[in-house]
Amino acid sequence: MKIYMVGGAVRDRLLGLPVQDHDWVVVGATPEQMVAGGFVPVGKDFPVFLHPQTHEEYALARTERKSGRGYKGFTVLASPEVTLEEDLARRDLTINAIAACAGWEPAGSPKGTENALIDPFHGQADLRARVLRHVTDAFREDPVRILRLARFAARFHDFAIAPETMALMREMVADGEADHLVPERVWQELARGLMEAHPERMFEVLRACGALAVVLPEVERLWGVPQSAEHHPEVDTGLHLMLVLQQAARLGASLPVRYACLTHDLGKGTTAADVLPRHIGHEGRSQRLEAQLAERLRVPNDCHELAQVVAREHGNIHRSGELGAAALVRLLIRCDALRKPARFADVLLACECDARGRAGLQERPYPPRQRLPGVLAAAQGVDTAAIAQAAQARGAKGEAIGKAVEQARVQAVAAWLAGPDAASQNS
């Protein structure tokens, strides 16, 4: 039995990056031997075990043979006869197909042992050349690898994609492999890609190989759709989306915010050609398209709910400086800001990303994100219990009590707008 460190842990050590998880491959062992050694089996489709102390994953060396369409269309062979090189050959990218003997440390470290690396597919050379390249033609057998490569492009944004790898991905899309991606895997890779340092690059790669039109047609449609140059110097809606995602990463936004940024303008892809570059009513269309996308990919509720508010209200929030107290209170109510102030803060961050995601306007201030929390605080400061009691004493019931509370909030917001705090946040 021989044990090797593989995959991302080796890659990231060679790049000088922090290592989050270690994966190990075991050559020359049987499942029975692993269990006898105290390892806990967890793999359903192939033999994977958890180390009894570290709980890190140890997988038996295996090969795969295509037996059907999609992510699960494989027959797996794991046996003591499978070699390390055979196991590495089934991996996706050369930079992920480097193995290291146990105890290996990169050259230059105090215990550097560079000769302990096994690199049959020249992954180290591709790391130095900053290239993402598939290992073998077996890459075409798993469409998830298209998504994974796009995600790696978002993480390693200065890496180029080997021309032959891009050509292979285009062939896979043309052959219909991307049609068989399961929703859970699409969302998993999409979510991880959105959280990378350059999430926009994931979508650029998916678009370049044709996969974006298959997995996210609502997003693909945005390219080539013009917007008013007065508000969008970049004009193209797809380019605007890429700039918005750049801002989301730059501002350290959470996954729900980044997803809301991705979907906030989906409706512009369905605007009638004869009214372009205007997009009247795109907010409602964006909501409906996001809801369809969220159902199809089984998007988590926190992402979906935030995206709905941002899609519907981002234009109103951009123009909120023009609104009076009553309209501002109605805006807070529609955003459910009084009950969910933390989510409202996320809404404002997504709107700031949208406002700054425009060519040449990335550094401009965004007053609504400074001003509206003050408006919300003023509305929250109303003693609703006292207002309700006074209304009841006057004989008010049900909706009338709610109207009294809302009017009190309008008065509180109006007072705040007239005060010095509002003036300073508008400057």
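Student: In which loop is Pro277 found?
Tutor: This is a predicted model, with residues numbered from 1 along each chain as its sequence is written. Local features need pLDDT of at least 70, side-chain atom pairs count only at pLDDT 80 or more, totals for chains, interfaces and linings use all residues, and side-chain values use heavy atoms, without hydrogens and water. Pro277 is found in the loop between helix 12 and helix 13 (282-297) (helices are DSSP runs of H or I, at least four residues; strands of E, at least two; both numbered from the N terminus).

Student: What is omega of the peptide bond that joins Leu276 and Pro277?
Tutor: Most peptide bonds are trans. The bond joining Leu276 and Pro277 is cis. Its omega is about 10°.

Student: Does Asp336 count as buried or exposed?
Tutor: Asp336 lies in the loop between helix 15 (325-334) and helix 16 (341-356). Phi of Asp336 is near 55°, a positive value in a residue other than glycine. The relative accessibility of Asp336 is 19%, and under 20% means buried, over 50% exposed, in between partly exposed (1.4 Å probe, protein chains only). Asp336 therefore counts as buried.

Student: What is phi of Arg130?
Tutor: Arg130 lies in the loop between helix 4 (123-129) and strand 10 (131-132). At 34% relative accessibility, Arg130 counts as partly exposed. Arg130 is a residue other than glycine with a positive phi, near 60°.

Student: Where does the cis bond of Pro277 lead back to, that is, which residue does it join to Pro277?
Tutor: Pro277 belongs to the loop between helix 12 and helix 13. The cis peptide bond joins Pro277 to Leu276.
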